[in-house]
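User: I've got a new model open and want a quick tour. Can you walk me through it?
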Amino acid sequence: MFQAKADVISKKEISPGVFSITLISPEISRNAKPGQFVHVLCGVQNDKFLLRRPFSIHRVVPGRAFEILFQVVGSGTKELSKVKIHDALDVIGPLGTSFTYSPDIKSALLLAGGLGVAPLLFLAEELTENHVMFYAMLGAQTKTKLLRYIDFKRLAKKTFAATEDGSFGHEGTVVALLNRTVHRLRPQVIYAVGPGKMLQKVAETADDFGIDCQVSIEAKMACGVGACLGCTCLTRQGFKLTCKDGPIFNARDIMWGESEVEQLSLDGYKYEAAEITDSD
Ligand SMILES: Cc1cc2nc3c(=O)[nH]c(=O)nc-3n(C[C@H](O)[C@H](O)[C@H](O)COP(=O)(O)OP(=O)(O)OC[C@H]3O[C@@H](n4cnc5c(N)ncnc54)[C@H](O)[C@@H]3O)c2cc1C
């Protein structure tokens, strides 16, 4: 884990409200693995936010730079969307666990809902480098929200798309598309990233077909390094910390039905944040 003042060398709005930023950090880019994240102080004025925001490592230029892909959803990401080339951001990383695969893996399926493409493109590039055949399945509400389709199409054996309004690819959710095609594709492992409800359904399908499944879990987090215990996730092995024991978990280990636990941890987080600052 490294802390860096990372210079912004590229910034693009790739879709309305969705930005990609590339930051220079030889240490983070050299050590990053797909699925890991960085914890970013959003904005160039370091006193603006007390709490860092977590973002998956989207891609790396080995030994030089890494990229994040994010959607503007609140004050932190809004501030982050305003950074300029040559600004320096305070970043800690790489953090958390990564996706894993055995050396003799024959086929995989990378499944993303919306911004879920963020960590999966890094994985797609690594699998390609290691000659692992994989399919990609991307879902979004509409065509304009379908991210990185061309990049996955370039790397995957076949890339499937699903949009809820039918404006591109299959009409409907990516889960429905998975359920229609999984018996044909029969991947050895599914790597899924997206909203919790989607992940739960993907995990159920994977289980029905006896396919291993790894998911990236999102939880509100404050410290990002396992110190504040604010991002608990209930697993079959007991409470785990999303930032340190995750964000990548075996889907079979997650106690999906226990939303009460998630709610408790979010409430605790908000209470703590309100006490620290009113511009968290
Ligand atoms: C491991 C991990 C990886 C992530 N990777 C990405 C990514 O690659 N791209 C992307 O767009 N988003 C990603 N997110 C979600 C991203 O961290 C939140 O969208 C962001 O923190 C929102 O900050 P905000 O200030 O704009 O929003 P606000 O809603 O104003 O945030 C308020 C507080 O809640 C926290 N928060 C809000 N939503 C989330 C969330 N979903 N997860 C965690 N903390 C949250 C923030 O840290 C902040 O302190 C990731 C989350 C996690 C846990």
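Analyst: A nonpolar core is a set of buried Ala, Val, Leu, Ile, Met, Phe, Trp, Tyr and Cys residues joined through C-beta atoms within 7 Å. Buried means 20 or more other C-beta atoms within 10 Å of a residue's own; exposed means 12 or fewer, and partly exposed is in between, with C-beta atoms placed from the backbone. This is a predicted model: local features need pLDDT of at least 70, side-chain atom pairs count only at pLDDT 80 or more, and totals for chains, interfaces and linings use all residues. Residues are numbered from 1 along each chain as its sequence is written.

User: OK. How many residues are in the largest nonpolar core, and which have the most contacts inside it?
Analyst: The largest core has 82 residues, and L110, L111 and V202 have the most contacts inside it. Helix α3 (residues 117-129) gives the largest share, eight residues. Helices (H or I, at least four residues) and strands (E, at least two) are DSSP runs, numbered from the N terminus.

User: What does L111 touch?
Analyst: Leaving out residues up to four places away in sequence, L111 touches M137, V174, L178, I190, Y191, A192 and V202. A contact here is two C-beta atoms, placed from the backbone, within 7 Å.

User: Back to α3. Which of its residues are buried?
Analyst: V117, A118, P119, L120, L121, F122, L123, A124 and L127. Just after α3, H131 takes a positive phi of about 60°.

User: Now strands. Is β6 enclosed or open?
Analyst: Largely enclosed by the rest of the structure, because six of the seven residues of β6 (residues 65-71) are buried.

User: What does β2 do with β6?
Analyst: Strand β2 (residues 18-24) pairs antiparallel with β6 over seven bridges. Pairing needs at least two DSSP bridges between the strands. S20 stands opposite L69 in β6.

User: And β5 with β6?
Analyst: Strand β5 (residues 59-61) runs antiparallel to β6, with three bridges joining them. R59 has E67 of β6 as its bridge partner. The two strands form a hairpin with three residues between them, and G63 in the turn has a positive phi of about 75°.

User: Where are the cis peptide bonds?
Analyst: One joins G93 and P94, with omega about -10°. Another joins G246 and P247, with omega about 10°. P94 lies in strand β7 (residues 88-95).

User: And R148, what's its phi?
Analyst: Near 60°, a positive value in a residue other than glycine. R148 sits in the loop between β9 (133-140) and α4 (149-155).
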